[in-house]
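Dear colleague,

I am passing on the structure we spoke about, with the sequence alongside. Please look through it first, and then compare it with my notes on helix packing and aromatic pairs below.

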Amino acid sequence: MARKENESNRLFEDEKVIEIEIERLRSFKDHPFKVTDDKEMHLLKDSIKQYGVLNPLIVRPVPDGVYEIISGHRRKYAAQQLGYRKVPVIIRVMNDEEAIIKMVDANLQRERISYSEKAFAYKMKNDAMKRTAGRPRSQIDHNLKGKRTVEIIAEETGESPKQVQRYITLTNLIPELLQQLDDELISFNPAVELAALKENEQKELIEAMDYAQSVPSLSQAQRMKKLSKEGNLSLEKMQDILSEVKKGEISRVTFTNEQLHRYFPNNYTPEMMKREIVAILKIWMEQYWNK
């Protein structure tokens with residue numbers, strides 16, 4: 001990994017490191033990698049405070065006399081927070097596809113990357129590589145002949161082609177579900193299955209998860225995906241599926257239908273009683289637990 005990062009910052013012939021005003025630097029369009037004040041950022045600030053910006057940013061010229069950052073968004077942010085007015089850069093002329101591929105390759109070297117960051121990075125690179133197929137090779141070193149783009153990405157990242165494709169599939173998730181994946185509330189494999197749901201179904205899933213106070217297991221996500229393909233997935237069915245006791249849950253509270261029918265109309269089914277009970281408990285929780 002370190003070797004690739006060093007190659008990314010290595011000076012090519014006729015290149016030199018110069019200093020450019022931070023105000024003339026622009027973030028990469030649709031940059032999928034978040035810049036946050038996390039632990040790593042604090043360590044980076046400490047390093048820059050002590051030694052300065054050791055690795056120059058890689059930028060490319062764009063119209064209006066400004067430069068788009070290919071590699072170094074975090075370094076630029078840290079330096080700006082410390083009051084720097086200029087940072088060292090290496091200027092490289094690249095077309096859009098070259099820039100996307102280089103940007104993704106440079107940022108994938110980071111130690112910590114969220115699921116959503118990797119998903120959109122793989123998709124951006126995959127789309128860019130497809131657009132370069134058949135073009136003369138320039139700064140892009142990928143030989144696509146006889147290989148699918150996901151296979152090239154897999155070789156370079158150590159993932160399997162299937163896993164790369166699964167990450168790309170995650171980009172079909174709505175932002176709310178992606179955030180739950182990044183927060184590790186939803187597991188990776190169920191999230192891949194849920195990405196097949198229509199947008200309106202995913203929005204209803206959020207509502208169903210809140211109703212059942214549960215997140216989908218892999219088998220539940222697969223059942224929802226199947227129902228969606230058949231055109232039979234509804235909010236009520238998602239609520240029923242999520243309200244089931246999952247395999248491996250040892251402790252459970254059970255009631256017989258006879259016990260519950262004392263409190264419900266005779267025409268209530270077990271599923272209807274379950275929904276009513278959960279709704280009542282939710283109201284009770286909001287009124288009393290929060291106090």
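Helix α10 (residues 199-212) packs against α12 at an angle of about 40°, and the two axes are 9 Å apart; the axes are lines fitted to C-alpha atoms, for helices over the stretch in contact, and angles run from 0 to 180 degrees between N-to-C directions. Helices here are DSSP runs (H or I, at least four residues), numbered from the N terminus. That angle makes α10 oblique to α12, on a scale where angles under 35 degrees count as roughly parallel, over 145 as roughly antiparallel, 65 to 115 as roughly perpendicular and the rest as oblique. This is a predicted model, in which local features need pLDDT of at least 70 and side-chain atom pairs count only at pLDDT 80 or more, while totals for chains, interfaces and linings use all residues. Residues are numbered from 1 along each chain as its sequence is written, and side-chain values use heavy atoms, with hydrogens and water left out.

On the α10 side, E201, E204, L205, E207, A208, M209, Y211 and A212 meet L235, M238, Q239 and L242 of α12, where contact means heavy atoms within 4.5 Å. Sorted by class, this contact has 8 nonpolar, 1 polar and 3 charged residues (Ala, Val, Leu, Ile, Met, Phe, Trp, Tyr, Cys and Pro count as nonpolar, Asp, Glu, Lys and Arg as charged, and the others, Gly among them, as polar).

Within α10, E204 is partly exposed, at a relative accessible area of 27% (buried means under 20%, exposed over 50%, partly exposed in between, with a 1.4 Å probe and protein chains only). Leaving aside neighbours within four places in sequence, E204 is in contact with S234, L235 and M238. E204 and E236 are 32 residues apart in sequence, yet their C-alpha atoms are 9.4 Å apart in space.

Helix α12 (residues 235-242) also packs with helix α11 (residues 218-229), here at an angle of about 160° and with the axes 10 Å apart, and the two are therefore roughly antiparallel. Their crossing is right-handed, and Q220, R223, M224 and L227 in α11 meet K237, M238, I241 and L242 in α12. By class, that contact has 5 nonpolar, 1 polar and 2 charged residues. L227, not counting residues up to four places away in sequence, touches N232, L233, K237 and I241.

Turning to the rings, there are 4 aromatic pairs (rings of Phe, Tyr and Trp, the last by its six-membered ring, pair if their centres lie within 6.5 Å; planes under 30 degrees apart count as stacked, over 60 as edge-to-face and the rest as tilted). One of them joins Y122 and Y167 edge-to-face, at 5.6 Å centre to centre and 85° between the planes. Y122 lies in helix α5 (residues 115-132) and Y167 in helix α7 (residues 161-169), so the pair ties together parts that are 45 residues apart in sequence. The rings of Y167 and F188 have centres 4.9 Å apart and planes at 50°, so this pair is tilted. F188 lies in helix α9 (residues 188-194), so the pair with Y167 of α7 ties together parts that are 21 residues apart in sequence. Y167 is buried, with a relative accessible area of 7%, and F188 counts as buried at 12%. Ring pairs link Y115, Y122, Y167 and F188 into a cluster.

Key. A crossing is left-handed if the near helix is turned anticlockwise from the far one by less than a right angle, and right-handed if clockwise.
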